Amino acid sequence: FHQIPSLVRGIWPLSDLRALLALTLLLRRLKPAIVHTHSSKAGVLGRVAAWLAGVPIIIHSIHGFGFTRYQSAVVRRTLIALECLVAKVTTRFFAVSEANRQLGMEIGLFPESRCTVIRSGVDVAAIRRLEVDTTAKKRELGLEPGRPVVGMVAPMKPQKAPLDFVRVAARVAEKKPETQFLFVGDGELREAMETEIARLGLTKSFRLAGWRRDVPAIMRCLHVFVLTSLWEGLPRVYLEAMASGVPVVGTRVDGAAEVIRDGVSGYLLAPGDVQGLADRVLSLLANPTTAADMGRWGESLPREFDIYDMVRRQEQEYERLLAGIKA
């Protein structure tokens with residue numbers, strides 16, 4: 001494990017130049033056969049550094065793109081141009097969703113032959129065999145065991161639109177006041193969430209759990225899982241909820257429809273449709289049989305969403321590419 005302190009999340013030209021130099025020097029010293037990058041900024045810097053260091057195989061995994069329809073046209077075009085430029089030194093692309101793969105081809109990042117879909121999986125078997133004392137876990141989280149729980153797991157950042165979840169909660173609480181709401185995660189929008197929770201009169205029924213390492217156990221405490229994201233690649237948290245047998249009410253972002261069958265294992269709505277999300281949550285709370293059926297359907301995730309299948313497929317790609325440079 002090697003850490004590059006100058007490689008930070010925000011765009012800071014001087015720090016970014018330092019990070020690029022540090023990565024290049026590190027890769028020249030390590031001499032890897034493969035560099036595999038993830039995320040947008042690290043993906044750009046990592047691939048350029050690998051190219052400068054003479055790494056023979058450069059792979060990038062697409063977990064959604066850094067450019068979105070919520071950015072200005074200038075910013076979006078600039079980011080697309082940058083991705084297209086770095087794509088020229090990329091040997092192979094992996095996409096976590098077919099939606100991401102199709103978009104990459106549409107904007108000219110790669111031809112069909114240079115990108116394959118490899119899901120970002122979860123440990124389905126471990127989630128399914130987990131035994132949880134849900135009464136004790138709810139009390140630990142500050143929840144009352146006898147009342148329904150609607151939850152979301154995400155960082156508190158603009159992409160996840162956590163304030164929309166608070167507004168969904170307000171609409172649900174208006175019709176079903178005994179409902180409790182749980183948000184697992186933290187981040188830059190925490191203060192804004194706390195303000196909105198107080199403004200909407202949800203202080204007694206809304207719990208902010210912060211960062212947790214027991215998300216699979218927490219999932220078992222939920223009656224409905226909600227995700228309000230504005231964009232994604234393919235949300236792994238959907239997979240965790242489904243493997244836990246919890247019905248999903250979420251946004252139809254990128255690869256969401258590739259894992260959730262709308263009306264069968266959950267409900268998908270347009271990003272920002274707060275009222276629609278609230279209506280679907282209320283419908284599931286009012287119809288526990290439907291919710292249970294959706295949860296059971298979700299438990300039967302295809303093998304491609306299992307983390308061990310993901311690892312095997314990546315290893316196979318590595319071996320194929322390595323065989324090519326040895327030939």
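Which strands does helix α11 lie across? I started my notebook with that. I kept in mind that the model is predicted.

**Entry 1: helix α11.** I looked up residues 274-286, which form helix α11. I found that α11 lies across β5 (149-153), β8 (224-227), β9 and β10. Against β10, the helix runs at about 170°.

**Entry 2: the sheet.** Next I traced the strands. Six of them form an open sheet, and their pairing is parallel. I wrote down the order as β7-β6-β5-β8-β9-β10. The edge strands are β7 (206-210) and β10 (266-269), and each pairs on one side only.

**Entry 3: β9 and β10.** How many bridges join β9 to β10? I found four, with β9 covering residues 248-251. These two strands run parallel. I picked out T251 and looked for its bridge partner in β10, which is L269.

**Entry 4: helix α8.** I moved on to residues 190-199, helix α8. This helix lies across β6 (180-184) and β7. I noted an angle of about 165° between α8 and β7.

**Entry 5: the cores.** Which residues touch the most other members of the largest nonpolar core? I listed F206, F225, Y238, V249 and V259, from a core of 64 residues. I then checked F225, leaving out residues up to four places away in sequence. Among the residues F225 touches are G151, M152, V153, Y238, V248 and V249. I also found a second, separate core of 12 residues. Its members include L26, L45, V55 and I58.

Technical notes:
Residues numbered from 1 in each chain as written. Predicted model: local features only at pLDDT ≥ 70, side-chain atom pairs only at ≥ 80, totals over all residues. Heavy atoms only, no water. Pairing = 2+ DSSP bridges. Contact = heavy atoms within 4.5 Å. Axes fitted to C-alpha atoms, helices over the stretch in contact; angles between N-to-C directions. Core = buried A, V, L, I, M, F, W, Y, C linked by side-chain atoms within 4.5 Å. Buried < 20%, exposed > 50% of the residue type's maximum accessible area, 1.4 Å probe, protein only.
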